[in-house]
Amino acid sequence: MKKLILSAALLLFAGFTAPTASAQQSALDIVNAYNAATGYDQATIDRTKGVEMAMTMDVMGMKMPMALFVRIPESKPQIRVEMDMMGAQMLMVVNGDNGWVSIPGQGVSEIPGEEMKQMTGQFSQFDISSMSNTDVFDFELADTKTVNGVVLQGVKITGKAGSPLEQAFQKAEYIGYYNPNTHLMDMMTMHSRETGETISMELKNYKTFGKGTVKLPSLMIVDTPQGEAIAAITKYNYNQDFPDSLFAKPE
């Protein structure tokens, strides 16, 4: 259960076009069309502030309300995940190079080093545009995938050379699949080069939240070797101010 939840969370927050791409349509063309369709290209983002998200996750029939707070001061991720598991309050906090998990009845424990490296690497350049950020990612065309009768164009996503994400993205291959009719990303896959496991995520029901101007998927279905997790997003606010105490070690 814990591994399934962590796998789903990593892909969820990792993050988030005309007919099938031809020689005249580059991977960057597809990503730019996605940014225009979602409104990312017009969004005003203050990277010194944070992102707040609320959702309900359904894992193996168990519904778990979750809240996520992310802030990236000087590329040092600060992450707080609050989760309700059958009435028990689970908490995960990452502050720079340190991370902890608090579980009722088990106390507070440190997050293992490898899990910390994976999370901090993926979150080190986090913003609402996530994997469509052309400043820190490179893109190249990949294979197509047919989903619900629609041929989606794959785009491989890697960290730019010299960026904090370069090493993190060498451990896994990320491919986003874009719908030729809506220009939106309908699916993403993550293939671990270390374990050989592949996680896929469907992104559905794009909408704007609150006062935001950006379209985001409100439903995400994550398929992992450990099982399926469904996340229904209910809140997404960016440019948020958070107190430092939010990312302190749990007591």
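**Figure 1. Secondary structure and surface of the predicted model.** The protein contains four helices and 13 strands, in a model that is predicted. Of its 251 residues, 51% are buried.

**Figure 2. Confidence across the elements.** The protein has a mean pLDDT of 80, and 80% of its residues reach 70 or more. Among the elements, the highest mean pLDDT, 92, belongs to strand β11 (residues 198-207), and the lowest, 52, to helix α1 (residues 2-13).

**Figure 3. Two stretches with pLDDT below 50.** One stretch covers residues 15-24, where the pLDDT is below 50. Beyond near neighbours in sequence, residues 15-24 have 33 contacts in the model. The pLDDT is also below 50 over residues 125-129. For residues 125-129, the model shows 22 contacts beyond near neighbours in sequence.

Figure 4. Glutamine 78 is part of strand β3, which spans residues 78-85. Its relative accessible area is 9%; because the limit for a buried residue is under 20%, glutamine 78 counts as buried. The side chain of glutamine 78 is joined to that of arginine 71 by a polar contact of 2.7 Å. A polar contact of 3.2 Å links the side chains of glutamine 78 and asparagine 95.

Key: Residues are numbered from 1 along each chain as its sequence is written. Side-chain values use heavy atoms; hydrogens and water are left out. pLDDT is the predictor's confidence in each residue, from 0 to 100. Helices (H or I, at least four residues) and strands (E, at least two) are DSSP runs, numbered from the N terminus. Contact means heavy atoms within 4.5 Å. Buried means under 20% relative accessible area, exposed over 50%, partly exposed in between (1.4 Å probe, protein chains only). A polar contact is a pair of N or O atoms within 3.5 Å; within protein, one must be able to donate a hydrogen and the other to accept it, and residues adjacent in sequence count only if both atoms are side-chain atoms.
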